[in-house]
Amino acid sequence: MLISHRKRLFDLWQICAKYRLDTHLNHDELPDLAMVARLIAAHPAAWFAKQNANGVKLALEEMGVLFLKLGQLLSTRRDLVPPEIIKQLVQLQDRVKPFDVALVKQQIEQPVKDGGFGQSLDELFVRFDEIPLAAASIAQVHTACLHDGREVVIKVVRPYIREQILADFELLRDLASWLSARLEPARAIHIIDVVEDYRQVMLNELDLTLEADNTIQMRNNFLHSSLMYVPEVYRVSKNVMIMERIEGVPISQTDIFDKLGYDRAQLAKKGLTIFFTQVFRDNFFHADMHPGNVFVETLPIDAPNKNPRYIALDCSIVGELGQDDQLLVARLLLSVMNNNFVGLVDVIARAGWIPPNADRYALMRDMRRTVSPMISKPIHEIDFAGVLMSILDIARRYHLDIPPQLMLLLKTLVHVEGLGRDLYPDLDIWSLAKPILTEWVKQQLDPLQKMQQLREQLPETLLSLHDLPKLLDNGLQSLANLGGHQDSQLREIQQIRADMLKSRQQDWVALAGFVGSLFIAKQIATFAVWQISSLLAPLFYIIALLFVLWRILL
């Protein structure tokens with residue numbers, strides 16, 4: 001399976017060796033990586049390679065989009081990645097190697113059917129800045145000014161990127177199948193489905209019309225909000241999008257917030273409130289929240305307004321949960337916050353995650369031992385990644401069936417936790433989240449709200465009743481047809497069975513005739529006089545052949 005990707009695997013091996021990634025693997029803390037490091041060092045490209053201060057960044061850029069995305073995710077995890085590597089990874093958020101501006105102009109001026117605007121730059125803009133404002137894994141951003149004076153940013157998809165994504169996902173899918181066949185944790189999180197879902201997410205990210213739709217919806221969700229601002233989309237095609245230009249700084253530049261006098265604790269609480277609002281109020285959450293996509297409004301140092309909003313960029317990857325999944329996530333979190341692990345296991349059981357023969361008491365004990373130590377701790381004392389890996393290990397041991405639709409939310413939580421750790425390490429996420437979740441669950445279970453929902457759905461329900469007799473008649477007719485179809489299938493099965501029995505009998509007759517004819521012919525040739533054997537033996541050989549032909553041609 002993986003051997004079919006040998007060229008790509010050898011290319012990745014060569015890139016790792018070229019930039020000496022083996023020197024960045026900490027063998028002391030992670031002994032299992034020692035073998036990987038030795039494998040990288042064994043490649044001839046590593047023998048004469050020199051250390052590069054930006055080796056990790058350059059290697060991930062050369063590897064392609066999927067590895068750039070991995071680098072962006074790790075860039076928020078200062079608890080997992082050494083500071084010298086973080087300095088390189090943060091550049092992947094918006095400072096990836098740009099592509100030629102001539103290709104940018106070509107993308108913009110292409111006909112609409114090919115993903116552009118079908119107009120020249122002079123027709124579109126009074127000014128176009130050739131030096132990119134930012135370059136990321138999927139697209140590049142330039143600034144410009146429209147003819148009406150509005151300052152804008154232009155997002156342009158990298159050319160020829162789709163083929164690379166498809167090829168890498170073929171490798172990733174085969175790797176997921178290999179892991180799923182051998183490792184229980186991979187099966188528990190439905191790793192194959194996760195890869196397939198993320199493949200579609202990545203392909204959707206290449207279509208800027210989909211990102212524009214997401215941006216418009218998120219903008220409407222936070223219109224006139226004091227929490228977050230989403231820039232306006234002015235024009236879009238498949239490969240190019242023109243948006244309002246905003247002023248802000250990435251969430252990772254905390255030193256600027258200190259200079260501006262921003263309350264970082266309040267800013268961190270606001271960020272967490274935005275996340276829970278997106279997940280539970282709107283059921284539409286930004287699922288790619290690395291620092292390159294999350295900004296904060298900047299104000300003059302002497303400005304009286306000290307309540308800046310967040311700015312959400314790049315809404316290409318968003319997540320949605322069904323109402324049942326929303327309630328499930330809220331109840332799980334509340335059970336953890338209330339230290340109620342009996343309730344936690346009960347929620348998991350009712351969701352259908354636990355197999356019938358699982359030991360629920362042992363599961364509750366293991367969950368309490370794993371999760372309980374992180375309750376009431378500030379965010380910088382929580383080993384979120386370690387807890388997550390422990391939970392996945394529990395899922396493996398108890399054969400828990402975790403739905404794949406929750407994995408995107410889990411990825412977003414990793415981003416949020418990493419951002420909060422950088423912004424305000426003493427943030428108590430539990431005390432902030434608990435009242436938000438409690439209020440939302442109360443609203444969902446409020447009888448008055450349920451009655452209001454029923455009242456709103458009443459006209460549609462009454463209209464549906466009009467079709468009820470017809471639906472019942474169609475249902476009865478379908479049952480009758482199904483019964484007739486089953487009778488027909490039963491008769492066909494009985495006929496097939498009879499034909500099989502007849503065919504088996506004919507096989508035995510043909511075999512017996514063939515063997516018997518050969519035996520008689522041999523006996524005649526052995527014991528009969530020459531004249532008789534020369535006449536009869538060939539005759540029985542012919543009879544044996546006729547039995548074979550009869551069975552073949554029948």
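This is a predicted model: local features need pLDDT of at least 70, side-chain atom pairs count only at pLDDT 80 or more; totals for chains, interfaces and linings use all residues.
R127, D129, E151 and R245 are linked in a network of salt bridges. One of the links in it can be followed atom by atom. R245 forms a salt bridge with E151, and their closest N and O atoms are 4.0 Å apart.

E151 has 33%. Buried means under 20% and exposed means over 50%, so a value in between counts as partly exposed.

Another one joins E62 to K18, with the closest N and O atoms 3.3 Å apart. This pair also links distant parts of the chain. E62 is in helix α4 (residues 55–63), K18 is in helix α1, and the two are 44 residues apart. E62 is partly exposed, at 34% relative accessible area. K18 counts as partly exposed as well, at 35%.

At what angle do α1 and α4 pack? The angle is about 165°, and the axes are 9 Å apart. That makes α1 roughly antiparallel to α4, because angles over 145 degrees count as such. The crossing of α1 and α4 is right-handed.

K50 is placed in the loop between α3 (44–47) and α4. K50 counts as exposed, with 72% relative accessibility. Which residue is 7.6 Å from K50, C-alpha to C-alpha? The residue is Y19, and 31 residues separate K50 from Y19 in sequence.

R20 is found in the loop between α1 (6–18) and α2 (33–41). Its relative accessible area is 18%, so R20 is buried. The backbone of R20 deserves a look as well. Most residues other than glycine have a negative phi. Phi of R20 is near 50°, a positive value in a residue other than glycine.

A second residue has a positive phi. H224 is not a glycine, yet its phi is about 65°. H224 lies in the loop between α12 (208–221) and β5 (228–229). Is H224 buried or exposed? H224 counts as exposed, at 79% relative accessibility. R20, by contrast, is buried at 18%.

The next salt bridge stays within one helix. R173 pairs with E170, and their closest N and O atoms are 2.2 Å apart. Both residues are in helix α9 (residues 161–182). Why are R173 and E170 separated by about one helical turn? They are 3 residues apart in that helix, which means about one turn lies between them. R173 is partly exposed, with a relative accessible area of 23%. E170 is partly exposed too, with 33%.

Helix α15 covers residues 323–337, and helix α16 covers residues 341–350. Their axes come within 8 Å and cross at roughly 160°. That makes α15 roughly antiparallel to α16. How does α15 pass α16, in a left-handed or a right-handed crossing? The crossing is left-handed. The crossing of α1 and α4, by contrast, is right-handed.

The tour ends on the surface. Which residues form a nonpolar patch there? They are W508, L511, F514, V515 and L518. Together these residues have about 470 Å² of accessible area. One of them, L511, lies in helix α22, which covers residues 468–527. L511 has a relative accessible area of 45%, so it is partly exposed.

Methods. Residues are numbered from 1 along each chain as its sequence is written. Side-chain values use heavy atoms; hydrogens and water are left out. Patches are made of residues with over 30% relative accessible area and no salt bridge: like charges are joined within 9 Å, nonpolar side chains (Val, Leu, Ile, Met, Phe, Trp, Tyr) within 5 Å. Accessible areas come from the Shrake-Rupley method with a 1.4 Å probe; for residues, only the protein chains shown count as cover. A salt bridge is a side-chain nitrogen of Lys or Arg within 4 Å of a carboxyl oxygen of Asp or Glu. Helices (H or I, at least four residues) and strands (E, at least two) are DSSP runs, numbered from the N terminus. Buried means under 20% relative accessible area, exposed over 50%, partly exposed in between (1.4 Å probe, protein chains only). Axes are lines fitted to C-alpha atoms, for helices over the stretch in contact, and angles run from 0 to 180 degrees between N-to-C directions. Angles under 35 degrees count as roughly parallel, over 145 as roughly antiparallel, 65 to 115 as roughly perpendicular and the rest as oblique. A crossing is left-handed if the near helix is turned anticlockwise from the far one by less than a right angle, and right-handed if clockwise.
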